[in-house]
There are 4 protein chains.
Amino acid sequence: MTEPATGIRITVWNENVHERTQPEIAAIYPSGIHGAIADGLAALLPGATIRTATLEQPEHGLTEQVLAETDVLLWWGHIAHDQVDDAIVARVQQAVLGGMGLIVLHSGHFSKIFRTLMGTTCSLRWRNEAERELVWTTNPGHPIAHGVPSPLIIDHQEMYGEYFDVPQPDEQVFISSFEGGEVFRSGITYRRGLGRVFYFSPGDQEYPVYFHPDVRRVLANAAVWAASDADTRSIPQVSNPARGWFVGEAKGQAR
Amino acid sequence: MTEPATGIRITVWNENVHERTQPEIAAIYPSGIHGAIADGLAALLPGATIRTATLEQPEHGLTEQVLAETDVLLWWGHIAHDQVDDAIVARVQQAVLGGMGLIVLHSGHFSKIFRTLMGTTCSLRWRNEAERELVWTTNPGHPIAHGVPSPLIIDHQEMYGEYFDVPQPDEQVFISSFEGGEVFRSGITYRRGLGRVFYFSPGDQEYPVYFHPDVRRVLANAAVWAASDADTRSIPQVSNPARGWFVGEAKGQAR
Amino acid sequence: MTEPATGIRITVWNENVHERTQPEIAAIYPSGIHGAIADGLAALLPGATIRTATLEQPEHGLTEQVLAETDVLLWWGHIAHDQVDDAIVARVQQAVLGGMGLIVLHSGHFSKIFRTLMGTTCSLRWRNEAERELVWTTNPGHPIAHGVPSPLIIDHQEMYGEYFDVPQPDEQVFISSFEGGEVFRSGITYRRGLGRVFYFSPGDQEYPVYFHPDVRRVLANAAVWAASDADTRSIPQVSNPARGWFVGEAKGQAR
Amino acid sequence: MTEPATGIRITVWNENVHERTQPEIAAIYPSGIHGAIADGLAALLPGATIRTATLEQPEHGLTEQVLAETDVLLWWGHIAHDQVDDAIVARVQQAVLGGMGLIVLHSGHFSKIFRTLMGTTCSLRWRNEAERELVWTTNPGHPIAHGVPSPLIIDHQEMYGEYFDVPQPDEQVFISSFEGGEVFRSGITYRRGLGRVFYFSPGDQEYPVYFHPDVRRVLANAAVWAASDADTRSIPQVSNPARGWFVGEAKGQAR
């Protein structure tokens, strides 16, 4: 029943450091990781408005206006997490709590924004030996799993393994295994405030994972899922209501 | 981002006993509780196909074909739970596990289908003294809560109170209070197999709750939420795969 | 802080069919699977009272009195699920809802009692080729994981793989991988009524898994965790309380 | 089955500002809120070691050594949240992630440590008009609810109401209602890292709630529940394991 994602406004954020400094990475992702992700989303969500933003731009490309016009933000970072300005992190957090969707990718597990939203170390096991990753669906009725084969097969990928130090997910969508025998909760959802958060671990700068058609399907599904139903953003706030105000207004009488 | 529910096929099931045997109930629901619910859904989901089914029909109106053509089934029952044929209950359960959405209403907490899907007694406290019910949103970013005021105010309603003996919900969307001071988890979601289940407690044969515009909004939102993304129904089955089949097929080599 | 399990009363139930009909299974489990499990629990929980019960006994060894004297019931079954009397299944369900702990083992995923409590098909993938199973801890602060290495290594075991058609667990404690690449949610918890339920997949009649010291540690931890804090069993029931009774009693005034 | 909490080491932290600056509060809590809480715990947990710590002490009384010797920390704060040193907050967070239990009380919902662990605003509705609070148990099999009446009745209390902006709890133990009709998820649990977190909203400086025997029972139960099973604290860390190390060690052969 998923309708075409007409009108979803997506911003793909990437630190964009590997691609600018390592030719071998640029060869894999000639238009950047953000470019590859954006291309994949554009192909599957023809009605969506997709832009990219990167670390080196003013305000990392994430101005108040950009966030106000973003329904879903994707986040890729790895070696420059500490270069992200705390004020921008706080701004993104506010947007999420107010209803913006957030999709955190791969090494973004250690980004400031993800750790801030989780409250934990977000640490894990890892090993980079081009292992085969199998991504199994554990929630086949979930919108994000729609049309995704189980297992989704990635021939070469960095290993991420448990224990993954995150809060218990609201929904467990995918679990991966690797050739070494490790497992990883590779697709998990959370709600934070009014915003929906999806973490998806496949994807690394050294492997062309973001060109994989099934991975692209996951990201497109997740973008549709993460977009809020609300037209406006509304961050939860403290309120001090009068006693029984609704009684009086609704019934015209005291109790 | 919820798109118009073009194409959702909804079946509203009602035991339809009170309305046929008690004139005072028929006066409140002249076209039956199912009729009132169907009218509300039709007004809010103009693209949907809506039908009703009742206990006294052959196979309770829930033939294999009807279920095959139903994306979301709403269920209202009260005094005739034990008249529902076990074979039909099993059929509905299979449909849910295969991906059909199910919305269980009010006294349907004691229906065979709900108890079968929950595995618990589904018992609760109750008191019928026309108390005011306040339905508070505890998950304002959830699609089912979209456009619903908090509190949603129902002037007169039967009280349902904790302890409600159900499994821990996957998502807690609404919690109600009553004039007597009781609380109730009045809007909760579950996944069972590939199907999405929503239980919503407001609504009783003695009060015109299903004409309440906010209640109708909840039911319409829930119908959109509960409808599967899949085109076909697929009940989970045991399988006995060959060892490493995907390795061989995907990579053309043994390991 | 787990204290010695003084006083926990444990019943280990086993269908005990393989051991009586297949000499090669009896050679692996000379005192039955139930005997091996009971021995492991006795060694780790010296204060516990441990008994066994099997299918061929009157009432399958699960009389009302036995259940009343059981804090935690372990369940192993495989080829004789359909020989378990429905009345006994209902009796066990009532005990669980009233507060008895239940630990369902391996092929017990298809037992009547587990399917009744889950409401789903409980189907899965399987393959019996003596594969290595690695059991990873995904909730290292959980009492059931206390003292269990991650990974727990089982050299030869039947493969169980996703999709495992169960409701979303309340807690995800262990996830396994197998040599073929499959993953499985091998240690999961649920609450049903007042009872605590733990499903643990390692363990098969063809492999001596229940002699594995780490597996025995898991089962002992789980028994302590699953035992209720209450002295008496109390199944949730419907009640029809008077309006505001507690107001009057507590405050001596009407409203 | 809960054993006497022999050996649990509890630290009760309180900002202790109201009591030192407002005589009317000191009259309610002559030995401070921390003193009242500590007295209640001592009476119910005779084997426990209980100390207190307050804001005005060096390092707020929460030195590395104190935290190392604390199994469960209770936290009460209100008007001085911003005076808590960020370094101490980080230290407490590390202790929780490593396995220390944390019980956050009432207005502690806005403490730095709770907001850091939750990642959300933790905002809510409130109104201070000495309303009756009814605390209903929604998880009667949970250890924290053991021996607690439902409803637990507090004659006069500050109202806290939904929407409470916190992540979906791992377990929903209590829900409160107030005379004004509001509801609140007043007893909820989370795991963060290896630590267990319980938030409990009853308790305010203007009402003698911490002398209430049922509230004291909740806090004692929660302390036992929150204490880790582990003897040592272990914060999750990144690791970079060798490929298939356990295969080689366990089986002495390559694969």
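How many residues of chain C are in contact with chain A? The count is 23, and they meet 23 residues of chain A, where contact means heavy atoms within 4.5 Å. Before going on, some ground rules: this is a predicted model, in which local features need pLDDT of at least 70 and side-chain atom pairs count only at pLDDT 80 or more, while totals for chains, interfaces and linings use all residues. Residues are numbered from 1 along each chain as its sequence is written, chains are lettered from A and ligands numbered from 1 in the order in which they are written, and side-chain values use heavy atoms, with hydrogens and water left out.

Let's start inside chain A. Its nine strands make an open sheet with mixed pairing, in the order 2-1-3-4-9-8-7-5-6. Helices (H or I, at least four residues) and strands (E, at least two) are DSSP runs, numbered from the N terminus, and two strands pair if DSSP finds at least two bridges between them. Strand 2 (49-54) and strand 6 (152-161) of chain A sit at the edges with a single partner strand each, so one side of each has no neighbour in the sheet. On average, neighbouring strands of this sheet are turned by 25 degrees against each other, direction ignored. For angles, axes are lines fitted to C-alpha atoms (for helices over the stretch in contact), and values run from 0 to 180 degrees between N-to-C directions.

Now zoom in on one pairing. Strand 5 (residues 125-137) and strand 7 (residues 171-178) of chain A are antiparallel partners, joined over five bridges. Helix 3 (residues 32-44) of chain A touches strands including strand 1 (9-14) and strand 3 (72-76), and its direction makes about 160 degrees with that of strand 1 of chain A. Helix 7 (residues 213-226) of chain A lies across several strands, among them strand 8 (183-192) and strand 9 (195-200), and runs at about 165 degrees to strand 9 of chain A.

Can you spot a charged pair in chain A? Side chains of opposite charge can pair when their charged atoms come close. A salt bridge is a side-chain nitrogen of Lys or Arg within 4 Å of a carboxyl oxygen of Asp or Glu. The side chains of A:Asp86 and A:Lys112 form one, at 2.7 Å from N to O. Because A:Asp86 belongs to helix 5 (residues 86-98) and A:Lys112 to helix 6 (residues 112-118) of chain A, the pair ties together parts 26 residues apart in sequence. Over all chains the count comes to 40 salt bridges.

Back to where chains meet. Chain C and chain A bury about 1700 Å² between them, 60% of it on carbon and sulfur atoms. Buried area is the accessible area (1.4 Å probe) that two parts lose on being put together, summed over both. There are zero salt bridges between chain C and chain A.

Chain B and chain C meet as well, with 40 residues from chain B and 41 from chain C in the contact. They bury about 3100 Å² between them, 50% of it on carbon and sulfur atoms. On the chain B side, B:Trp126, B:Val238 and B:Arg243 lose the most area to chain C, together 19% of what that side buries. Here, too, the count of salt bridges is zero.
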